[in-house]
Amino acid sequence: MAVLNVNGKALNHSADPRTPLLWVLREQLNLTGTKYGCGIAQCGSCTVHIDGVATRSCQVPVNSVGNRKITTIEALAANGTLTKIQQAWVELDVPQCGYCQSGMIMAATALLAAKPKPTDADIDAAITNICRCGTYQQVREAIHAAAKA
Ligand code: FES
Ligand code: FES
């Protein structure tokens, strides 16, 4: 067994060391809020935080993570209170089908932690996630709304 530091807990898993982190989270730790889209680090649906950095977990071998802190979408409202980003997402009706949205929220959360008042250019540079439903404008508006909240 190996251990991962996920959402503040030490969790055991028995995956092959080269397994992408995404699949350990989803299939061994039942944290299915992190989604599989492309598997080649292009779409961002699998975004989690590793030591606070937005990271595409489909291309991260689990044995490369070590003791670093992994945060998934499940931890953002762990105490039952939505974060400013999540609240803005609800108020501005950002999600459509929703598939990409946990990755979008994780990327946006990391952006606001690094840049509390991002410009449109900052958002364009940081949020490169792909949304089949075309929610890009709503994502941008929600990030600005959360920055003002
Ligand atoms: S599934 Fe990881 S970036 Fe698309
Ligand atoms: S909301 Fe449908 S893929 Fe983004």
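Predicted model: local features only at pLDDT ≥ 70, side-chain atom pairs only at ≥ 80, totals over all residues.
Reader: Why is Cys58 called buried?

Author: Buried means under 20% relative accessible area, exposed means over 50%, and partly exposed is in between, using a 1.4 Å probe and protein chains only. Cys58 has a relative accessible area of 7%, so it counts as buried.

Reader: And Cys97, is that one buried or exposed?

Author: Cys97 comes out at 52% relative accessibility, so it's exposed.

Reader: What makes Asn30 stand out in its phi value?

Author: Its phi is near 55°, which is positive in a residue other than glycine. Asn30 sits in the loop between helix H1 (21-28) and strand E3 (47-50). Helices (H or I, at least four residues) and strands (E, at least two) are DSSP runs, numbered from the N terminus. Asn30 is also exposed, because its relative accessibility is 61%.

Reader: What about the phi of Asp93?

Author: Asp93 isn't glycine either, and its phi is positive too, near 50°. You'll find Asp93 in the loop between helix H2 (84-91) and H3. With 55% relative accessibility, Asp93 counts as exposed.

Reader: Back to H1: which of its residues are buried, and what covers them?

Author: Leu21, Leu22, Val24 and Leu25 are the buried ones in H1. Their cover includes strand E1 (2-6), strand E2 (9-13), E3 and strand E5 (69-71). Contact here means heavy atoms within 4.5 Å.

Reader: Why are H3 and H5 called oblique to each other?

Author: Start with the general idea: two packed helices are described by the angle between their axes and the distance between the axes. Axes are lines fitted to C-alpha atoms, for helices over the stretch in contact, and angles run from 0 to 180 degrees between N-to-C directions. Helix H3 (residues 101-114) and helix H5 (residues 136-148) pack at about 40°, with axes 11 Å apart. Angles under 35 degrees are roughly parallel, over 145 roughly antiparallel, 65 to 115 roughly perpendicular, and the rest oblique. An angle of about 40° belongs to the rest, so H3 and H5 are oblique.

Reader: Which residues meet there, and what kinds are they?

Author: From H3 come Met104, Ala108, Leu111 and Leu112, and they meet Tyr136, Val139, Ile143, Ala146 and Ala147 of H5. The contact of H3 with H5 divides into nine nonpolar residues, no polar and no charged. Nonpolar covers Ala, Val, Leu, Ile, Met, Phe, Trp, Tyr, Cys and Pro; charged covers Asp, Glu, Lys and Arg; and the others, Gly among them, are polar.

Reader: What makes H2 and H5 oblique?

Author: Their axes come within 8 Å and cross at roughly 130°. That angle falls among the rest in the scheme, so H2 and H5 are oblique. The contact is made by Lys84, Ile85, Ala88 and Trp89 of H2 and Val139, Ala142, Ile143, Ala145 and Ala146 of H5. Those residues divide into eight nonpolar, no polar and one charged.

Reader: How do you know that H2 is oblique to H3?

Author: H2 and H3 pack at about 130°, with their axes 9 Å apart. That makes H2 oblique to H3. Ile85, Gln86 and Trp89 in H2 meet Gln101, Met104, Ile105, Ala108, Thr109 and Leu112 in H3. By kind, this contact has six nonpolar residues, three polar and no charged.

Reader: Last one: why is Asp124 called partly exposed?

Author: Asp124, found in helix H4 (residues 120-126), has 47% relative accessibility, in between the two cut-offs, so it's partly exposed.

Note on methods:
Residues numbered from 1 in each chain as written. Chains lettered and ligands numbered in written order. Heavy atoms only, no water.
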